[in-house]
Amino acid sequence: MSRVHTSCAYCGVGCGITVDDAKTLAGDTEHPANGGALCVKGGSLMETLAFPNRLLYPRLHGQQVSWDTALDEMAAQFGRIIAETGPESVAFYVSGQLLTEDYYIANKLMKGFIGAANIDTNSRLCMSSAVMAHSRAFGEDVVPGCYDDLEITDLLVITGANTAWTHPVIFRRIQQARARRPEMKMVVIDPRKTMTAEQADLHLALRPGSDVWLFNGLSRYLLDHDLIDNAYIEEHVNGFSELHAQLMTPDYELANVAQKCGLSVSELQTFYRWFGENEKAVTLFCQGINQSNQGTDKGNALINTHLLTGRVGKPGASPFSMTGQPNAMGGREVGGLATQLASHMTFSDENCDRVARFWNAPNIARKPGLKAVDMFEAVRSGKIRALWVVATNPAVSLPDSVMVREALAKCEFLVVSEMTPKTDTAQFADLLLPAAGWGERGGTVTNSERCITRQRAFTNAPGEAKPDWWAMAELGKRLGFADAFNYNDTVDIFREHAALSGFENSSRQFDISALATLTDDEYEQFTPRQWPLPAGKNAASQRLFGDGCFSTPNGKANLLTVVPQEPVLKRKAERQEGSWLLNTGRLRDQWHTMTRTGHLPRLMETEPLPKVYVNQHTLQASGFSEGALIRINSLQGSVMTLLGRDDGLRDGEAFMPMHWSDDFSSCSGVNRLVAPVVDAVSGQPQFKQTEVMAEAVNVKWHGLWVGQHEPELEVSWWARRPLDAGECRRLTDETRTAEQVWFQLAQQGRWLRLPLKGGWLAVKLNQGRIIGLLLVSTTHQQVNIDLLAGLLGLPMNSTALSTTLEQALAGDSRMICSCFRVSEKQIVDAIGEQGISELSGLQSLLRCGTNCGTCVVELKKLLHKHTSSNEA
Ligand SMILES: Nc1nc2c(c(=O)[nH]1)N[C@H]1C(S)=C(S)[C@@H](COP(=O)(O)OP(=O)(O)OC[C@H]3O[C@@H](n4cnc5c(=O)[nH]c(N)nc54)[C@H](O)[C@@H]3O)O[C@H]1N2
Ligand SMILES: Nc1nc2c(c(=O)[nH]1)N[C@H]1C(S)=C(S)[C@@H](COP(=O)(O)OP(=O)(O)OC[C@H]3O[C@@H](n4cnc5c(=O)[nH]c(N)nc54)[C@H](O)[C@@H]3O)O[C@H]1N2
Ligand code: SF4
Ligand SMILES: [Mo]
């Protein structure tokens, strides 16, 4: 048997994975992040490798070409445009899903050789506020804590993060620690009662955007109650008197803070008291903090509370920023953001000279480049004429996708490196380059706790797909910089990256120069290790800054006086009557724009359709019914989506997942609504707050398609999901009646129509076998899709058809456990028919909730609901 140790392609937890014989995947029991555990996304990585549409060859204007032709053309276009209008008229937009080696080459090529800093990354949308908050407070973008802190702390504060869904293996570690030490408390701060919040000892459903009030209020409370560490502040912290002066005003008295946050004085006081009492406190934060018009300030307001109490980089006591993507951290190390130069260095003359010397770079960039949102605006206005997009899908993930798509369409020469030609962004490409993906290419990634792990290939890339670093180096050579981009393999790049981190470095924590001398073999055998690892060191300390010495000029950390601001809501005039405040984020089983997870039936089952959620009260006030198709409008654009109910939301607030793209639904991508409002310091978009108005859609009929292929039917709205044997689609039309639709179908031939109550069923046949079923009715019906799909491929038999149809129309059941495919109906039946009344009973009977554990809360809810109603 051959075993390969690698790491997960998804979130910033950075779980280790083993793959045996290129077939069997398991959690790596030796990896410090997960010790063998995996969540449902990581656990299905092998299945996701079977992409339905893999990009296999370079395509220039839609035609297959050789790599040579593709790269020559690319160099010619980039070269021409640079010669005509300068280096600032070209740009790279890259991704936290690249490996460190890819990232390093992209950064070196743009900033050292092309000679501008117009390289930015989707980490701008993700981590840039945390980067800036760390830099402002500590003098460097460093996460001081580690995962063990989340287990040994006495108070874990989770703010702006739905960790149970987004970092499931870390959440599992937290829950196991709480089970071992029930005295450990968990506070969750989130306007939504998420799956994470459900499990907290205290949930603060604060008014969206009011975090600076909340944390400044905490700092004030610590001052009032003499809960600060005066000696630590004296020795290790700048800016105390300014902060003190700012906070000792009536604004930050408890009652006012509570009112600003929309919380009661008593719940706020409980949190503040706990924070004051517990020496060991960790504040974990993610996108509810970062994706804001003042994400950097929010980060600093929360770091202030840790500096005031001396709780930075100590066991169980630290602020802790979770990274989103698997290698967002590696990108930050390399300097892949337009606002950093390289290797944790900014654009000072000294740094620019140093990096130019190290790279032997003729054209070192001397000032920051454009941040993501500005970069796409520059593409739209024609200032940037050639753009290379690598491993990200900006047409879906950037705010204001209407504008972004316009920019992509206008771009004079757009290159997209992808694994699939089906992404919304790839549709606009002049040149498409096929990328080798997870399992097919090797390199390194760094997770949220600064742990570097090797990602290793265990299979060959299909067709002519190549690793991204190779294509980047080839472009570098063709632009005339052959010597600087002459690498045989990723190990050469890694050694250079490690050497740069230690080059003339006397002040930066990011130093891995001990790894600059790794042999090829040592790189191959590399086991997970945290940084820093300066020359001569073999192991890093788990935590940083615990001694109170920071990376600032005087070695002290900075407290920041940050002033609360309201979210910026783009609207015509005043707030419109009946508008909703729209929040966006993630679902448990989907990854971003669904290119890697949307084709797996198992991962689509829990949330098969695009939905916007509001609570019962808001639903009633809106006058729409649950499940209705509605249109949502903002100043930016509009989307169509189904309406769902989630009573964990506050009144007047809505939540919509970020995942849907035009590949999965005709018009449900939420970023068509989100305005390009950004944080003034970091440039990170405010994805979490948008004012929207909902509007009824007058559909003429409700359709459901289950077929081996797409239906050939033009409709005004559809959403699809994959099935093992084809696809399932919800569709509807605002203009044409059901009869007009039938007329169109009838003309195509080979359709059989059967009448049904309130509608009809059209059966599509091919050589006497059923290849598709279209159910059309005046009201939407719950249908068991699996039963209908079971008919596909069978010979037409009207008795079998009507029996199955009858059963299918008896209803559908929601999937609760994705790992073992256990539906709500199976669980309710087990409770009702087999008399199961405890979680352990469900777990041993159905196995649900025994793998990743993220559905346990739902299982408990169902037990509660159905056992208590039995007794009543
Ligand atoms: N399943 C899954 N997991 C993922 C990903 C994925 O696509 N799918 N993506 C990965 C990536 S790249 C990232 S960045 C992470 C993101 O991980 P998270 O940040 O945990 O996820 P989100 O759902 O974006 O948002 C977090 C929470 O912020 C809350 N929030 C909104 N506004 C506010 C506010 O004003 N204040 C506070 N305190 N909270 C607010 C939202 O209600 C939401 O519950 O997830 C990673 N993990
Ligand atoms: N409304 C709203 N929008 C958001 C967010 C939100 O919370 N709300 N969150 C934001 C955040 S935090 C993030 S991180 C972004 C994520 O947004 P994106 O980065 O746009 O999302 P992905 O779907 O992960 O795109 C990655 C693409 O890279 C391709 N790919 C995978 N592996 C490789 C490879 O090795 N090489 C190449 N060349 N391609 C590869 C995949 O097929 C996929 O199309 O979305 C942001 N947008
Ligand atoms: S928790 Fe994150 S890194 Fe671990 S298996 Fe799940 S998606 Fe992968
Ligand atoms: Mo992210």
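Student: Over residues 1-53, how much of the chain is helix and how much is strand?

Tutor: In this predicted model, that stretch is 15% helix and 26% strand, with its end C-alpha atoms 31 Å apart. Helices (H or I, at least four residues) and strands (E, at least two) are DSSP runs, numbered from the N terminus. Local features need pLDDT of at least 70 and side-chain atom pairs pLDDT 80 or more, while totals for chains, interfaces and linings use all residues.

Student: How much of ligand 1 does the protein bury?

Tutor: Taken alone, ligand 1 exposes 910 Å², and the protein buries 100% of that. Such areas come from the Shrake-Rupley method with a 1.4 Å probe.

Student: Which elements give two or more residues to the shell around ligand 1?

Tutor: They are helix H7 (163-166), helix H15 (287-290) and strand S21 (580-585).

Student: Why is ligand 1 said to lie between two domains?

Tutor: Domain 3 (128-321) and domain 4 (580-696) both give residues to its shell, so ligand 1 lies between them. The domain bounds come from an automatic or database assignment. Residues are numbered from 1 along each chain, ligands are numbered from 1 as written, and side-chain values use heavy atoms, without hydrogens or water.
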